[in-house]
Amino acid sequence: MDFLTDQNAYKYRQDGYLVLEGLLSPAECDELRLRMGEIVDRMDVPEHCRIQFTTDHDEQLKTQGNADYFITSGDKIRFFFEKGVFDDKGNFTVPKECSLNKIGHALHAYEPLFKSATHSPKIQGIAKKLGLKSPVILQSMYIFKQPAIGGEVTPHQDATFLHTEPLGRVTGVWIALEDATLDNGCLWFIPGSHNNGITRRMVRKTKDTYPLTDFIGREADYDNKLFIPAPVKKGGVVLIHGEVVHKSEMNMSEKSRHVYAFHIMESQKTKWSPENWLQPSDELPFSALYTK
């Protein structure tokens with residue numbers, strides 16, 4: 001039996017997102033979390049790399065796009081931190097395992113457990129049910145959503161950062177390694193908003209020009225009443241259309257909300273924008289999702 005049914009595929013196309021329970025077993029989730037704990041435990045972050053990650057428009061320009069560390073992270077495993085976790089001397093103000101916003105963007109390529117989860121038969125089956133002929137993996141990340149400090153992710157569309165011609169070729173795969181609830185910062189969506197195009201793009205600027213990226217356009221103002229929460233249990237997955245508007249609130253609870261997420265793109269008859277911050281490299285071209 002297909003993990004993604006025809007009925008669910010139809011709902012995804014209608015709403016622009018879909019929650020599916022039971023992609024991973026609890027044991028598989030724990031295995032991924034344990035491996036990430038090992039990565040964090042041996043993390044050695046150079047002083048100049050202690051930048052902070054946020055999705056606020058102006059802060060993005062200062063902390064993400066301006067930092068070579070971010071813009072060259074597509075084929076590496078790098079560390080991005082929450083606000084306020086370093087003092088003015090660059091020392092942690094919280095335990096280092098509680099300091100991280102995310103780790104990205106090539107876990108799928110270099111970490112065997114995450115690679116296996118990315119290429120699993122269920123994931124390949126989902127892509128095939130959605131009609132993807134030649135999907136490739138663009139990026140992957142581990143998102144922590146730390147207790148009490150896990151930052152808000154403001155309303156956005158993934159196609160702002162991962163632009164294709166034509167649009168509609170990118171799908172986010174968001175796997176809950178812990179329960180994602182209203183209390184600890186589950187995703188919220190505006191159903192059907194993937195049909196309205198995009199209003200903003202992050203683009204690379206000319207090499208060595210400051211800042212390294214800029215935004216074209218502005219994020220639209222969205223009515224909060226239009227957002228629908230999408231809680232998901234540990235081991236479940238949320239499929240995210242590249243143009244659907246979504247957000248998450250700050251985690252004010254005492255529980256973390258760990259997630260493994262990656263993006264896939266239908267490469268057949270698709271142009272990946274050379275202006276995107278993320279670019280394939282000689283070391284790591286965009287790899288095929290379907291394994292022979």
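Is I143 buried or exposed? Keep that residue in mind as you load the model; the tour comes back to it.

**Before you click**

This is a predicted model, in which local features need pLDDT of at least 70 and side-chain atom pairs count only at pLDDT 80 or more, while totals for chains, interfaces and linings use all residues. Residues are numbered from 1 along each chain as its sequence is written, and side-chain values use heavy atoms, with hydrogens and water left out.

**Stop 1: the whole protein**

Start with everything in cartoon view. Along the principal axes, the C-alpha trace spans about 55 × 45 × 45 Å.

Now colour by accessibility. Buried residues make up 53% of the 292, where buried means under 20% relative accessible area, exposed over 50%, and partly exposed in between (1.4 Å probe, protein chains only).

**Stop 2: I143**

Select I143, which sits in strand 4 (residues 135–143). At 17% relative accessibility, this residue counts as buried. Leaving aside residues up to four places away in sequence, I143 touches N101, K102, W174, R257, H258, V259 and A261, a contact being heavy atoms within 4.5 Å. Try the distance tool on I143 and K102: their C-alpha atoms are 4.4 Å apart in space, although the two are 41 residues apart in sequence.

**Stop 3**

Zoom in on strands 8 and 11, which are joined by three bridges. Here W188 has P229 in strand 11 as its bridge partner.

**Stop 4: salt bridges**

Finally, display the charged side chains. The whole structure holds twelve salt bridges, each a side-chain nitrogen of Lys or Arg within 4 Å of a carboxyl oxygen of Asp or Glu.

- **K129 and D2:** the closest N and O atoms are 2.8 Å apart. K129 lies in helix 7 (residues 121–129) and D2 in the segment before helix 1 (6–15), so the pair ties together parts 127 residues apart in sequence. Both ends are partly exposed, K129 at 22% and D2 at 48%.
- **K11 and D15:** their salt bridge is 2.8 Å, N to O. The two are four residues apart in helix 1, about one helical turn. K11 is partly exposed at 43%, whereas D15 is buried at 17%.
- **R33 and E178:** here the N to O distance is 3.3 Å. R33 belongs to helix 2 (residues 26–41) and E178 to the loop between strand 7 (170–176) and strand 8 (187–189), so this pair links parts 145 residues apart in sequence. R33 is partly exposed at 30%, and E178 is buried at 13%.

Key:
Pairing = 2+ DSSP bridges.
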